[in-house]
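Visitor: Hey, I've just opened this one and I'm new to it. Can you walk me through a few spots?

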Amino acid sequence: MILGCSPIIFVGQDLAYTDNRDHAGNTALTHKETMDMALGSGDGIVWTDSVTGGRVATNRSFFEMKCYFEKMIEDANEKHEFINATEGGVDIRGTAIMSLEEAIGRYCRRDQGINARIHPEDSESRHPDPGNLLTAYKVLLERINTILKKIKANSRRHKQAMRDLNKINRKGTPVTPQTMPETLQKIIGAIDRCHEDLDRETDIWRLMQEITLQGIKNSEQEKHHLKSIENDQGRYHEWITGSLRCLETINNVRREALIIFKKAFEETIQFHNREKRLRSQLSEGNKNGAMPLARFYYRDGQTTLLAAAIESMDADDRNSAEAHYYQGIINSYWKRFEPAAGHFAAAMEKDPSYREKVNHFRKEMAEEYRVYGRNWIIDVKSRRRMLIKGLQYHPEYRPLINDIRTLAYTDLKVAGYPSIASPHLDHDGLIRSWCHDIEENKIFAAKIPPEQITAFYRHLIRIQRRDNDIAGALGSYSRILTVTPDSPGIHHEVADLLFGIGEFTQGIAHLDRAVALDPSYASSWEKIGDHLFDTGQYEEAITAYEKCFTALPDRHASLKKIGDCYLAMDRPEASKAAYLALKEKITAAGHPPPVSTRS
């Protein structure tokens, strides 16, 4: 509105829990499972009109934002057109509902020269003076300090009034407006006038609305009860003391919010004063001025300003161990891990003492994401993604690796026993997301034991086979074999799957590998031979029986079946040779002849 834009198109304001989600899909921090439970309990939930019709869930804070948007639209006095192109969520009164595709097609077809309008050639000379902002901060800070003094004075009056009221009550004297001592009436009157005075600071309280919302809500609930006994003379003491407590509750809520803002304003003013002094040294041509400024930004966590300070350094300072260390931190925060590693290595090479600093920073970042990953408010996928992010900072951080393996163990247990999981958990989604993260993050995959990776993919194969996704199942088997290439059981399962879809050449290769690793799997060759014999493929059946007999020479039935194949092919001599070989084996072993199962 300030820029004079029209239409103003709303797209995804995140003001509602559409589809039980508090963030858009595929974002890092989603809480769908938590939201399912919250919506079920109704705790803190507000239902309002949906843009698609019906009602949609939101919370009091989001609802206040919706009302704020609506007030801004109302105050625009038809100077602007407003369009809600979210295609879901709350209905914002005063907006025209339109799909995003339609809004783009209608209004976003012509180059508006946005960059030139925002950054005209003379924009550098028209930048706002930060001094004006600091002056406004100082004015606000003075007002906050004045309000805090009033609240402190009123709290003293509240304590005095409560002491006097309780003293009267202990004497057994009924407290009424008529029996209340004049001094006490004056104190209570002063409390009322002070609160009326504080209530007029509306612009201050509007700034702090989000922080004070819950406390004010609790006070309003108490006020509702007091309203019901306000005119009951027999309960006047209860009413007056309850009313004073309500006012003091509001005092405390406001005090806590004011202290937060006071601290922020003071720190901002102090920061800019210190920065101004350091920058003045730099502008005076002090070549060493950039490094103190960089240190100042580093200590304050101002990454972007730190990067600018390093750019202003001379070549020697920029190539120092300290500057490389700072650049390593900057690139780490910006998720540029390869350049970060290069700068850290350069810092440690120039000054080995930086090894401890670099390691401390990496551990600190990994631990921070590890703490995020232990937050059970966010959903299971988001917890895992936080741990993956931590690994990017410190791939060998043992507590983080242990948490990843513990989470894998827990989720595998849930996958195996769905009854122990939350009813809101998407079991298929859990398994698919684990396998996706294993495939997409090599560092993450390297920290998970092969048996856990195998277990996740076995669950995925079950899902894929249930959904008749044979190609997907074969891909999952392939990924299992990358971590356990010498698993005869896996090769045997792949062979069975391939034989089932007629891919005999690949199936035979996997079965041969299974038998080479564990000869007991050669029994499958006999089953394959039986199938080939029954379908009249005698030559191929003989090859299968021979493979079984070669791996399992004590399996005499294979020789008998080879003879049967030759007999079926009308090759009596070859059949006789097979039977004689069988007889010799039986005689040597002292076993009874195998019983044929063929008719």
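Visitor: Which residues do ring pairs link into a cluster?

Guide: The cluster is made of Tyr298, Tyr325, Tyr326, Tyr333, Phe344, Tyr354 and Phe361, joined by ring pairs. Keep in mind that this is a predicted model.

Visitor: OK. How many aromatic pairs does a search of the whole structure find?

Guide: The search turns up 21 aromatic pairs. One of them is tyrosine 333 with phenylalanine 361, an edge-to-face pair with 5.7 Å centre to centre and 90° between the planes.

Visitor: Why those two values?

Guide: A pair of aromatic rings is described by the distance of the centres and the angle of the planes.

Visitor: And where do tyrosine 333 and phenylalanine 361 sit in the chain?

Guide: Tyrosine 333 belongs to helix 13 (residues 321–333), while phenylalanine 361 belongs to helix 15 (residues 354–373). They are 28 residues apart, so the pair links distant parts of the chain.

Visitor: Is phenylalanine 361 buried or exposed?

Guide: Phenylalanine 361 counts as buried because its relative accessibility is 4%, and the cut-off for buried is under 20%. Tyrosine 333 has 37%, so it counts as partly exposed.

Visitor: Switching topic: what sits over the ring of tyrosine 354?

Guide: That's the charged end of lysine 357, 4.2 Å from the ring's centre. Tyrosine 354 is also one of the cluster residues. Elsewhere, the charged end of arginine 254 sits over the ring of tryptophan 205, 4.3 Å from the centre.

Visitor: Now arginine 383. Is that one buried or exposed?

Guide: Arginine 383 has 3% relative accessibility, so it counts as buried. You'll find arginine 383 in helix 16 (residues 380–393). From C-alpha to C-alpha, arginine 383 is 9.4 Å from valine 371, and the two are 12 residues apart in sequence.

Visitor: What about the surface? Which residues form a nonpolar patch there?

Guide: Met1, Tyr68 and Met72 do, with about 290 Å² of accessible area together. Methionine 72 lies in helix 2 (residues 60–75), and it counts as partly exposed because its relative accessibility is 31%.

Visitor: What about cysteine 435 and cysteine 565, buried or exposed?

Guide: Cysteine 435 counts as buried because its relative accessibility is 1%. Cysteine 565 is at 0%, so it counts as buried too.

Technical notes
Residues are numbered from 1 along each chain as its sequence is written. This is a predicted model: local features need pLDDT of at least 70, side-chain atom pairs count only at pLDDT 80 or more; totals for chains, interfaces and linings use all residues. Side-chain values use heavy atoms; hydrogens and water are left out. Patches are made of residues with over 30% relative accessible area and no salt bridge: like charges are joined within 9 Å, nonpolar side chains (Val, Leu, Ile, Met, Phe, Trp, Tyr) within 5 Å. Accessible areas come from the Shrake-Rupley method with a 1.4 Å probe; for residues, only the protein chains shown count as cover. A salt bridge is a side-chain nitrogen of Lys or Arg within 4 Å of a carboxyl oxygen of Asp or Glu. Helices (H or I, at least four residues) and strands (E, at least two) are DSSP runs, numbered from the N terminus. Buried means under 20% relative accessible area, exposed over 50%, partly exposed in between (1.4 Å probe, protein chains only). Rings of Phe, Tyr and Trp (its six-membered ring) pair if their centres lie within 6.5 Å; planes under 30 degrees apart count as stacked, over 60 as edge-to-face and the rest as tilted. A charge sits over a ring if NZ of Lys or CZ of Arg is within 6 Å of the ring centre and within 35 degrees of the ring normal.
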